[in-house]
Amino acid sequence: MTKSRAARENNPESIIDLTPEGRYVYSGQTLFNNIPTEVVLAKGCVQTIHEVGSANSNVWIAPALIDIQVNGFAGFDFNAATVTSEDVSAMARALWQVGTGFLCPTVVTGSFERISNTLRTIVEACKTDSLVAHSIVGIHLEGPYISAEDGPRGAHPLEHVREPDWDEFQRWQDIAEGQITIVTLAPEKKGAIPFIEKLVANGIVVALGHTDASADDIQAAIDAGARLSTHLGNGAHALIKRHPNYIWEQLGADELWASLIVDGHHLPPAVAKSMVRAKTLDRCVLVSDAVALAGMKPGIYQFAGKSVELTPERCVRLVGTEYLAGSAIELARGIENIVRFAGISLEEAVSLATLQPMRLLNAEAHIEKQANLILFEWDPAQCEINLLATIIGGELVYHSETRSTEEKLTRKPNP
Ligand SMILES: [Zn+2]
């Protein structure tokens, strides 16, 4: 039995064999096919990955996690007006420290200029940091073509919600140098269906979200090629007709995959379990939908002009209310939670944050080209992942001895 995560953080033990030549040898089992394996690194780079007769049976080797919806992390916010390319790099690198190796930075509803600025900054980060470029597998544009209604709109600013505009989108895609790979929109918006057809023709994954769509709108979007429901069950009215409604319609549509925020707050455990059962593992993807407070210590912060509280349970609330103000989990915590909530295996849960997003984005060639791995211990009694190392693009970018305190990972967000 492994120690609890808290115990390990206070007293980290290393399984790294650090020889005078600077060689690290990790020994563990591959998660998806149980092959005893050694990963040999020299000077921080993978030398060989090879099968061995026996290996450390409590260490698992799995693909690095892929998070297709990240708004911010460790005090950084992709959508802040002041975001810099250094912030984008720092955010990606902070995510590597918690096992998320690949991400789709998520650009949310805003003015043309603000969205353009965020896209430009992400592109700049990719040009100046090749490992970050490898790690960013696409950009997720969530909005601004979403429902203006309170509830479905979520925290997106009303003044910038608008109708789909192909010329505007093309200008953004030009600024993004073609990196926008997912667009979340509401199919009931005027002109949304031909807009979806154009996105699909351009190889973009179309996701339904922040929507008040009717059953007909949803079916028309599916017929036009929409493939995903973004954070199904969230970005919705607090009260809706029991049926039919846009949650059931999307849940029952076999053509649609669903991304799920499994932080224990956005979806109650029974809802998360029911959605996984209804969609099946082949059509689910875990996302963090993390905001800047993710990866930070519990406390009260000034964020986007509001006082928000990060509770010890990793729930982000507007101070003095029950309103959620974003998610603060790491994707690895979503894996732990879905094992608990849905009664699925570790292997199945990890696939929802690795193989599934890779399939959705058709990113196999990019991700499998180099060694992109996480190594971790799993405590089945506590359902806890204890991350030992992250390898991205063949480079060791994190191992558990490099993070001495949480301070190192985080910084305060700008008020
Ligand atoms: Zn959202």
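A residue is classed as buried when its relative accessible area is under 20%. In the present model, which is predicted, Glu 168 has a relative accessibility of 9% and therefore counts as buried. The side chain of Glu 168 meets that of Arg 162 in a salt bridge, with an N to O distance of 3.0 Å. This pair belongs to a structure that holds seven salt bridges.

A further salt bridge is formed between Arg 93 and Asp 129, whose closest N and O atoms lie 3.0 Å apart. The two residues are separated by 36 positions, and their pairing links distant parts of the chain. Arg 93 is located in helix H2, which spans residues 85-96, whereas Asp 129 occupies the loop between helix H3 (112-128) and helix H4 (130-135). The partners were also examined for accessibility. Asp 129 has a relative accessible area of 12% and is therefore buried. For Arg 93 the relative accessibility is 34%, so this residue counts as partly exposed.

Another salt bridge joins the side chains of Arg 333 and Glu 330, with an N to O distance of 2.5 Å. Arg 333 and Glu 330 are both buried. Through salt bridges that share partners, Glu 330 and Arg 333 are joined with Glu 336 into one network.

Methods:
Residues are numbered from 1 along each chain as its sequence is written. This is a predicted model: local features need pLDDT of at least 70, side-chain atom pairs count only at pLDDT 80 or more; totals for chains, interfaces and linings use all residues. Side-chain values use heavy atoms; hydrogens and water are left out. A salt bridge is a side-chain nitrogen of Lys or Arg within 4 Å of a carboxyl oxygen of Asp or Glu. Helices (H or I, at least four residues) and strands (E, at least two) are DSSP runs, numbered from the N terminus. Buried means under 20% relative accessible area, exposed over 50%, partly exposed in between (1.4 Å probe, protein chains only).
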